[in-house]
Amino acid sequence: MVTHDTDHICWGGANHHHHCRHALAVRGVGVCYHRVQALREVSFEIVCGHTLALMGANGAGKSTLLNVLAGLLTPEQGQVLWNGRPLHDTRREIAYMPQRSEVDWAFPMTVRELVEMGRYPSVGMWRRPKAHDEEIVQKALASLQLEPLQHRQISELSGGQQQRAFLARALAQEAHILLLDEPFTGLDVPGAESLAELLRSLAHEGRLVIASYHDVANAPRLFDKVLLLKQEVLAFGSAAEVLTPENLNRAFGQKI
């Protein structure tokens with residue numbers, strides 16, 4: 001379903017439907033690691049309904065910025081606002097999906113159990129989920145075509161299925177912002193195409209999808225917005241506006 005720019009859709013019933021432009025505002029964010037500047041005065045603003053690629057050379061600050069947005073890292077300078085409120089007040093509305101290499105896929109957990117974890121922020125880890133929670137989990141599984149796999153161990157999934165399972169957990173959380181760290185790494189061509197279509201669909205439903213990404217050639221096909229980083233923002237806008245030879249030369253130090 002494609003929505004208008006001013007519509008925002010999530011799953012929690014009538015109370016969770018908002019007809020406004022939900023905005024993520026990053027203002028003057030700076031981060032240092034052992035006196036080395038990882039991010040410097042990073043500022044941009046984007047509303048739901050978009051797919052945003054964070055691009056730049058290795059060490060440009062892409063993962064650092066994702067960690068700041070996920071609330072895993074507190075910046076030394078600046079702030080991050082979601083709908084005008086500090087990020088730490090709205091953590092439940094943000095879902096972070098790490099790189100697949102960082103996940104212990106051998107952990108004994110089924111697909112359904114992974115997706116049910118998305119309800120923990122709402123119901124708590126030790127409370128029994130209500131019928132409403134079970135309905136949301138089932139809808140998330142169905143939306144990502146995981147119902148036939150819901151009782152399978154996560155270690156038995158393909159790379160593309162693993163990515164879909166984590167996205168289903170984010171949907172069950174009713175997250176408005178989806179943060180993904182290099183989600184296409186290690187996927188075969190069909191898996192990458194399926195994931196790209198899924199991310200576009202989630203954005204069309206009114207979510208904001210932000211992912212670190214490195215493939216300059218395919219970025220315009222997969223993302224409608226690009227933030228080019230080199231510790232600071234080199235360019236921000238549509239892929240056509242950002243991925244110019246001049247900007248790429250500034251970002252990577254050579255023409256690509």
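Which residues of α6 are buried?

Modeller: The model is a predicted one, in which local features need pLDDT of at least 70 and side-chain atom pairs count only at pLDDT 80 or more, while totals for chains, interfaces and linings use all residues. Residues are numbered from 1 along each chain as its sequence is written, and side-chain values use heavy atoms, with hydrogens and water left out.

The buried residues of α6 are G191, L195, A196, L198, L199, L202 and A203. Around the axis they cover an arc of only 165 degrees, which places them on the same side of α6. Here, buried means under 20% relative accessible area, exposed over 50% and partly exposed in between, with a 1.4 Å probe and protein chains only. The arc is taken from the directions that run from the helix axis to the C-beta atoms. Helices (H or I, at least four residues) and strands (E, at least two) are DSSP runs, numbered from the N terminus.

On the face of α6 turned away from its buried side are the exposed residues V189, P190 and E197. The buried residues pack against β3 (51-55), α5 (159-172), β7, β8 (208-212) and α7 (219-222), where contact means heavy atoms within 4.5 Å. The length of α6 also agrees with expectation: at 1.5 Å a residue, its 16 residues should span 22 Å, and its end C-alpha atoms are 23 Å apart. The expected span is 1.5 Å times one less than the number of residues in the helix. Just after α6, G206 takes a positive phi of about 115 degrees.

The loop between β7 (177-180) and α6 (189-204) holds D181. D181 is buried yet has no salt bridge, the nearest side chain of opposite charge being K62, 7.8 Å away. A salt bridge is a side-chain nitrogen of Lys or Arg within 4 Å of a carboxyl oxygen of Asp or Glu. D181 does have a polar contact of 2.8 Å that joins its side chain to that of S212. Such a contact is a pair of N or O atoms within 3.5 Å; within protein, one must be able to donate a hydrogen and the other to accept it, and residues adjacent in sequence count only if both atoms are side-chain atoms. Neighbours within four places in sequence aside, D181 is in contact with S63, L66, Y96, M97, P98, Q99, E102 and S212.

E174 has a positive phi of about 60 degrees although it is not a glycine, and at 11% relative accessibility it counts as buried.

In α4, D133, I136, V137, A140 and L141 are buried. These residues cover an arc of only 135 degrees around the axis, which puts them on the same side of α4. The face turned away from that buried side carries the exposed residues A131 and E135. After α4 comes Q145, with a positive phi near 55 degrees. Q145 lies in the loop between α4 and α5, and it is exposed, with a relative accessible area of 60%.

Unlike D181, which has no salt bridge, D133 meets R119 in a salt bridge of 2.8 Å, N to O. This pair links distant parts of the chain, with R119 in the loop between α2 and α3 (120-123) and D133 in helix α4, 14 residues apart. Both R119 and D133 are buried. E134 is joined to R112 by a salt bridge of 2.9 Å, N to O. That pair connects helix α4 with helix α2 (residues 111-116), across 22 residues. E134 counts as partly exposed at 29% relative accessibility, whereas R112 counts as buried at 15%.

Of its 256 residues, 52% count as buried. A search of the whole structure finds 7 salt bridges.

Notes
Lys, Arg positive; Asp, Glu negative; His and termini not counted.
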